[in-house]
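Q: Could you take a close look at the aromatic pairs here, and at the helix that goes with them?

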Amino acid sequence: MKTKHIPVLLMLAAGLITCIVSFFSQVSMMIFVRNFSLALVLFYILGFVIRLVLERNLPKEEEENVEEDVEEETDEKDSAGETLKEEEKQEEM
């Protein structure tokens, strides 16, 4: 599972909710900036902690399988490219 983007997505969602609530509550600009900044920092930290917990508890096998699939695809492309080159050489002769 890709967990790299969890902190950023959580932070952006919290920021959006903070903006909407502040807009409908007609909060002054200084209070809005304070609340918005605090929400972004806190939810980024919370997202980072969630990411660490997920990375430690999820099995690493998925990542290894993905790497193996990528290697197989590049091997297939190489072999296909080599056969094309061989056919072109034969056509030239």
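A: Here is a walk through the aromatic pairs and then the helix. This is a predicted model, in which local features need pLDDT of at least 70 and side-chain atom pairs count only at pLDDT 80 or more, while totals for chains, interfaces and linings use all residues. Residues are numbered from 1 along each chain as its sequence is written, and side-chain values use heavy atoms, with hydrogens and water left out.

A search of the whole structure turns up 2 aromatic pairs; rings of Phe, Tyr and Trp (its six-membered ring) pair if their centres lie within 6.5 Å, with planes under 30 degrees apart counted as stacked, over 60 as edge-to-face and the rest as tilted. F23 and F24 make an edge-to-face pair, at 5.5 Å centre to centre and 70° between the planes. F23 is exposed at 64% relative accessibility, and F24 is exposed at 65% (buried is under 20% relative accessible area, exposed over 50%, partly exposed in between, with a 1.4 Å probe and protein chains only).

F32 and F36 form a stacked pair, 5.5 Å centre to centre with 20° between the planes. These two sit 4 residues apart in helix α2 (residues 29-57), so about one helical turn separates them; helices are DSSP runs of H or I, at least four residues, numbered from the N terminus. F32 is buried at 19% relative accessibility, whereas F36 is partly exposed at 25%.

As for α2 itself, its 29 residues reach 42 Å from first C-alpha to last, close to the expected 42 Å (1.5 Å times one less than the number of residues). Its buried residues are F32, A39, G47 and R51, and they pack against α1 (6-25).

Note on methods: Contact = heavy atoms within 4.5 Å.
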